Every structure is written in C-alpha cells, then in structure tokens.
Amino acid sequence: MITNMQTQRRGKKMGDFHSSLVLQKMVFDRFEFDRKGFKNNNELKFGLQVQIGLSEDGIYKVTLVLNGTKQDEYNVIISLSGFFGVEDQKELEDSMVQDLISKNAVAILMPYLRSELTLLTAQPDTDSVVLPPFNINKMLEK
C-alpha cells in the first residue's frame with residue numbers, strides 16, 4: 001500500500017511535478033537481423049546514431065539508429081523514432097529546449113532500443129545481448 005508520505009517528495013506530491021518535454025508518439029521504423037553464420041566468441045561491435053529534426057508544426061522527431069555487427073554471426077539494425085512536443089517553449093531559453101531534445105528525449109528512447117536489441121538477438125544459437133545503461137550526456141558530448 002502506498003501512503004501519502006511515500007508519494008511526497010520535498011513537500012510536493014508526485015502529481016505536482018511537470019515536464020515541458022512530452023512524448024507524443026514512438027515507433028520502430030526498422031528491424032533487421034541478418035544471420036551470417038553460427039554462434040561464436042566474436043564481440044558485438046555497434047554504433048549509435050542520433051538524428052533530430054523539427055517539423056513545421058513544432059514537433060521534434062528524434063531517431064536512434066543502432067547498427068551492430070558480430071563478425072561471422074549476424075548484423076543487426078534497429079531504428080526507433082520518438083515524436084516530442086515542448087510545452088511552454090516560448091518561456092524556455094533555446095539552450096534549455098536543445099538540452100531537452102538532445103539529451104532527455106534520447107534518454108527516454110534508449111530503454112526501448114535496448115530492450116528491442118535484446119529481443120532481436122534472442123535467437124536460436126545466438127547469445128542474447130543486453131546493453132548496459134550508459135550516461136547519455138557523456139555519450140552525446142563526444
């Protein structure tokens with residue numbers, strides 16, 4: 001049972017917190033698992049691309065594309081897009097909006113991408129891949 005004390009943080013109820021960033025829709029654009037051979041001890045090497053666009057109606061499209069190769073075993077590609085709105089955008093500084101989109105939106109999408117990679121690599125005669133959580137801010141600084 002959750003008590004009122006458990007739902008409060010620094011004197012505010014959880015319902016009092018509000019984020020300007022709103023995920024409106026999320027879709028997987030592409031799944032690809034291309035078997036090249038049998039299970040082996042090669043390391044999965046992958047790259048992650050982040051693409052950000054803004055539509056005329058003020059909706060940000062953030063796309064994550066993971067390309068992975070396990071030599072002589074398989075190639076995998078996953079593309080995931082999230083469509084985000086920013087409430088009260090005129091009241092926020094441009095740098096704040098850019099941080100919300102480039103860091104927070106990517107952080108919101110990453111668990112879905114991570115989970116899908118695990119599902120796609122859970123194939124017969126293949127080790128399922130579980131990406132560890134990583135620091136999105138540091139990743140995007142590079």
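**Figure 1. Strand 3 and strand 6 are joined by 13 bridges and run antiparallel.** The model is predicted: local features require pLDDT of at least 70, side-chain atom pairs count only at pLDDT 80 or more, and totals for chains, interfaces and linings use all residues. Residues are numbered from 1 along each chain as its sequence is written, and side-chain values use heavy atoms, with hydrogens and water left out. Two strands are said to pair if DSSP finds at least two bridges between them. Helices (H or I, at least four residues) and strands (E, at least two) are DSSP runs numbered from the N terminus. Within this pair, Met26 lies opposite Gly82 of strand 6. Buried denotes under 20% relative accessible area, exposed over 50%, and partly exposed in between (1.4 Å probe, protein chains only).

**Figure 2. The open sheet has four strands in the order 3-6-5-4.** The pairing in this sheet is antiparallel. Its edges are strand 3 (21–35) and strand 4 (44–54), each of which pairs on one side only. On average, and with direction ignored, neighbouring strands are turned by 10° against each other. Axes are lines fitted to C-alpha atoms, for helices over the stretch in contact, and angles run from 0 to 180 degrees between N-to-C directions. Strand 4 is connected to strand 5 (residues 60–70) by 11 bridges, and the two run antiparallel. Phe46 has Gly68 of strand 5 as its bridge partner. In general, strands of a sheet pair through backbone hydrogen bonds, either parallel or antiparallel.

**Figure 3. Strand 5 and strand 6 form a hairpin with three residues between them.** These two strands pair in the antiparallel sense over 11 bridges. Asp72 belongs to the loop between the two strands. Although Asp72 is not a glycine, its phi is positive, at about 65°. Asp72 counts as exposed because its relative accessible area is 51%.

**Figure 4. Helix 1 (residues 94–120) packs on the sheet.** The helix touches strand 3, strand 4, strand 5 and strand 6 (74–86), and its direction makes about 145° with that of strand 6. Contact here means heavy atoms within 4.5 Å. Ala105 is a residue of helix 1. With 0% relative accessibility, Ala105 is buried. Leaving out residues up to four places away in sequence, Ala105 touches Leu21, Val62, Phe84 and Leu100. Ala105 and Val22 are separated by 83 residues in sequence and by 8.9 Å in space, C-alpha to C-alpha.

**Figure 5. Ser20 lies in the loop between strand 2 (12–13) and strand 3.** Ser20 counts as buried because its relative accessibility is 18%. Its contacts, not counting residues up to four places away in sequence, are with Gly85, Val86, Glu87, Leu92 and Leu100. From Ser20 to Asp88 the C-alpha to C-alpha distance is 6.7 Å, while the two residues are 68 residues apart in sequence.

**Figure 6. Leu23, Ile108 and Tyr112 form a nonpolar patch on the surface.** Together these residues have about 240 Å² of accessible area. Patches consist of residues with over 30% relative accessible area and no salt bridge, like charges being joined within 9 Å and nonpolar side chains (Val, Leu, Ile, Met, Phe, Trp, Tyr) within 5 Å. A salt bridge is a side-chain nitrogen of Lys or Arg within 4 Å of a carboxyl oxygen of Asp or Glu. Accessible areas come from the Shrake-Rupley method with a 1.4 Å probe; for residues, only the protein chains shown count as cover. Leu23 is situated in strand 3. At 34% relative accessibility, Leu23 is classed as partly exposed.

**Figure 7. Asp125 is located in the loop between helix 1 and helix 2 (136–141).** Asp125 is not a glycine, yet its phi is positive, at about 60°. Asp125 counts as partly exposed because its relative accessible area is 43%.

**Figure 8. The protein chain contains two helices and six strands.** From the N terminus on, its elements follow the order β-β-β-β-β-β-α-α. Among the 142 residues of the chain, 30% count as buried. Of the contacts with a separation of 6 or more, 66% involve residues 24 or more positions apart. The chain exposes about 9,600 Å², of which carbon and sulfur atoms supply 51%.
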